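Dear colleague,

Please find below the structure that I am passing on to you.

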Amino acid sequence: MLGIMRASEAKVIADDRRLDLVMITPNAQPPVCQIMDYGKYRFDTAKKAKDALKNQKKTDVKEIRLSITIDVGDVNTKSKQARKFLTDGDKVKVSIRMRGRQMARPQMGVDIMNSFFETVKDVAVIDRKPAVDGRSIIMILAPIVSK
């Protein structure tokens with residue numbers, strides 16, 4: 001804190017210290033300036049931004065397809081794969097594609113979705129409930145967030 005002074009005096013002080021005179025708030029009365037190494041400041045802010053991006057975890061949405069005529073062993077295999085995706089922190093989109101006469105009974109597909117969720121409910125929560133969308137039934141599962 002050097003107090004209020006003319007811009008020329010502040011520039012001389014900054015030049016003596018081999019630093020830069022940076023305007024922090026130019027619209028204030030009088031304008032507020034700071035003496036700093038501006039190159040180092042820019043480097044540090046870029047480094048912090050890069051570190052923040054590095055620490056982010058991007059969640060992907062993986063898809064698992066079931067069918068209305070799926071058997072218990074196949075459900076267990078698919079649930080094991082979904083469990084792996086969920087423990088890695090990814091969301092899982094579970095879908096069933098109905099064909100022909102299956103379109104007449106979409107409730108069977110919803111029941112299969114619910115039974116699939118029962119096999120992975122210890123590591124997942126329902127993000128979007130099973131819903132019939134044309135020929136497809138879609139449900140999205142999200143990993144349980146540990147606090």
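In this predicted model, the side chain of Ser79 reaches the backbone oxygen of Asn76, at a distance of 2.8 Å. Ser79 is part of helix H3, which covers residues 72–87. The relative accessible area of Ser79 is 6%; the residue therefore counts as buried, the cut-off being under 20%.

Which residues does Ser79 touch, leaving aside those up to four places away in sequence? They are Phe116, Thr119 and Val120.

On the H3 side, the contact is made by Val75, Lys78, Ser79, Ala82 and Arg83; on the H4 side, by Phe116, Thr119 and Val120. Helix H4 spans residues 106–120. Two packed helices are described by the angle between their axes and the distance between the axes. For H3 and H4, the angle is about 55° and the axes are 9 Å apart. H3 is therefore oblique to H4, and H3 passes H4 in a right-handed crossing.

As to confidence, the protein has an average pLDDT of 90, and 99% of the residues score at least 70. Among the elements, strand E4 (residues 91–97) has the highest mean pLDDT, at 95, while the lowest, 88, is that of strand E1 (residues 20–25). Where pLDDT is low, the predicted coordinates should not be read in detail.

With kind regards

Technical notes. Residues numbered from 1 in each chain as written. Predicted model: local features only at pLDDT ≥ 70, side-chain atom pairs only at ≥ 80, totals over all residues. Heavy atoms only, no water. pLDDT = per-residue confidence, 0-100. Helix = DSSP H or I, 4+ residues; strand = E, 2+ residues; numbered from the N terminus. Buried < 20%, exposed > 50% of the residue type's maximum accessible area, 1.4 Å probe, protein only. Polar contact = N/O pair within 3.5 Å; in protein donor to acceptor, adjacent residues only side chain to side chain. Contact = heavy atoms within 4.5 Å. Axes fitted to C-alpha atoms, helices over the stretch in contact; angles between N-to-C directions. Parallel < 35°, antiparallel > 145°, perpendicular 65-115°, else oblique. Left-handed = near helix turned anticlockwise from the far one by under 90°.
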